[in-house]
Amino acid sequence: MTASASSLPSRTQSFSVVLAIELWERFGFYGMQGILLLYMIQRLGFSDTQANLLWGTFSAVCYAAPAVGGWVGDTLLGARRTMVMGAVVLTLGYVLLGVDLGGQMALFVALAVIALGNGLFKSNAANLVRRVYEGDDARIDVAFTIYYMSINVGSTLSLLLTPWLQEKYGWSPPFLVCAAGLALGVACYTLCRKWLARIGSRPDFEPLVFSRFMAVLGGMVLVLAVMVGLLRYPAAGRACVWVAALSVAVVWTVLYRRASAAVRPGLRLAYLLIVQTMLYFVFYQQMVTSLTLFALRDVDSAFTVGGFTLFHLSAGQFQALNPVWIMLASPLLSWVYKAMADRGWNFPIAEKFIVGFSLVSLSFLIWWWSAATGGNHLVSPWVMFWAYGALSIGELLISALGLAVVARYAPANVGGFMMGSYNVSNGVAMYLGSALANLAAVGPAVASGDPAQTLPVYAGLFRMLFLLGLGCTLLFVVCLPFTRRWDAQHRAAQGAAE
């Protein structure tokens, strides 16, 4: 007998299983992110330069790892199994941080475990969402919107919670709470896994092959050793970042030379927009690096109105302003897009990127002005609130559309590679962003001093970032006629093919 249609899990039920574990995975990752840089500097005694570059290398590894994790899920273990394995590995990584052994090697191992777990988890969770709604383009857009919102819900909660726990109870409890969140996510999956039983990649529906499983475990040990080496030796990490960037550029060139004339306009547009997204991540990386240290040293924690204190935010908690603004602005932008469509107004991706970079430039103009005029006083936290707003709305106009660029303009036969190169390029950009943050690195003597010493340092970095953002915006405006022509040629080629 076959199960009746009513007894089978609905798409909503299947989606909710992935959504729950994704929410807790993001809770753990962003909770760790909120305090990790401060942990390096305040607990382990890292210099600003060491901490920023280590975070940059870690970010690059985290962005590159899902390409391998996706392959493991598709061809060896299955997306479901690999996703759960990734969640378990992530949990172990946060536990290792929570043990707080206090040594640099312990930190390198914990971060390598987290990066490995992220690689196994991230691409397979997203792949399962795609498979839940496969063949239903309208509902998959809605599903990924909800999926994106869950990321921001989880990150907001953890970014507010873990810095508070650290201030009250020390370094171990917040990392262990991140681990507990992942453990809860795995428990939710275990209880409701039958709702996802019909969703997955081919190996999910086959008996687990022991030899494959052992091969994956062996590969994980090897990758873990390589990651520890990259994190431990900055020169090795830097070399790998540049090798990755050069490799992507070479393969892009080969793909373009081999592409037909009809495909080339779309490829040119995809390359340009991916580079623009990459540039955004240079600015985005400042939230975890220079802006967190700026908040630690030079920003008042008390939000006041008319002399009345509303609430306080610590240095790590200021990062929560990003997902808060994402959640506030997402419905408004959706309404704007719909209103423009109803009136027949076209708002191409390239023009959204220009508006987005204008907002990024505005955010660093606000930070530059506040640091340059602060004198020897702490900067108002409302400066952080409004500048984070501009940066976050810029993110919605740039980063949130990055995957849409690949889906829309990359040829189907190289879509997988282009998605991978998109992630690698963003990882490279985040490393570059961390290196750029070191322009505001200060020594222990200055860091413990008054704002009159540190504000000019941050003002110099923010001024440079403002000018870089402004230059990018103007350059993209100059490129606009080309993007419009390439888009028209791409659409014409698609129409002819149909």
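Contact here means heavy atoms within 4.5 Å. Helices (H or I, at least four residues) are DSSP runs, numbered from the N terminus. The model is predicted: local features need pLDDT of at least 70, side-chain atom pairs count only at pLDDT 80 or more, and totals for chains, interfaces and linings use all residues. Residues are numbered from 1 along each chain as its sequence is written, and side-chain values use heavy atoms, with hydrogens and water left out.

Helix 3 (residues 79-99) and helix 6 (residues 172-192) have axes that come within 7 Å and cross at roughly 160 degrees. Axes are lines fitted to C-alpha atoms, for helices over the stretch in contact, and angles run from 0 to 180 degrees between N-to-C directions. Helix 3 is therefore roughly antiparallel to helix 6 (angles under 35 degrees count as roughly parallel, over 145 as roughly antiparallel, 65 to 115 as roughly perpendicular and the rest as oblique). The crossing of helix 3 and helix 6 is left-handed, that is, the near helix is turned anticlockwise from the far one by less than a right angle; clockwise would be right-handed. Helix 3 contributes residues including Arg80, Met83, Tyr94 and Val99. The contact residues divide into 17 nonpolar, three polar and one charged. Ala, Val, Leu, Ile, Met, Phe, Trp, Tyr, Cys and Pro count as nonpolar, Asp, Glu, Lys and Arg as charged, and the others, Gly among them, as polar.

The axes of helix 7 (residues 210-232) and helix 8 (residues 234-258) come within 5 Å, crossing at roughly 110 degrees. Helix 7 is thus roughly perpendicular to helix 8. Gly229, Leu230 and Arg232 of helix 7 meet Pro234, Ala236, Gly237 and Cys240 of helix 8. Four of these residues are nonpolar, two polar and one charged.

Helix 1 (residues 11-43) and helix 10 (residues 290-298) cross at roughly 55 degrees, with axes that come within 10 Å. This makes helix 1 oblique to helix 10. Their crossing is right-handed. Leu37, Leu38, Ile41 and Gln42 of helix 1 meet Thr292, Leu293 and Leu296 of helix 10. Five nonpolar and two polar residues form this contact, with no charged residue.

The structure holds zero disulfides (pairs of cysteine sulfur atoms within 2.5 Å). For cysteine 188, the nearest cysteine sulfur is that of cysteine 192, 6.7 Å away. Cysteine 188 counts as partly exposed at 29% relative accessibility, and cysteine 192 as partly exposed at 26%. Buried means under 20% relative accessible area, exposed over 50%, partly exposed in between (1.4 Å probe, protein chains only).

Definitions and conventions: Helix = DSSP H or I, 4+ residues; strand = E, 2+ residues; numbered from the N terminus.
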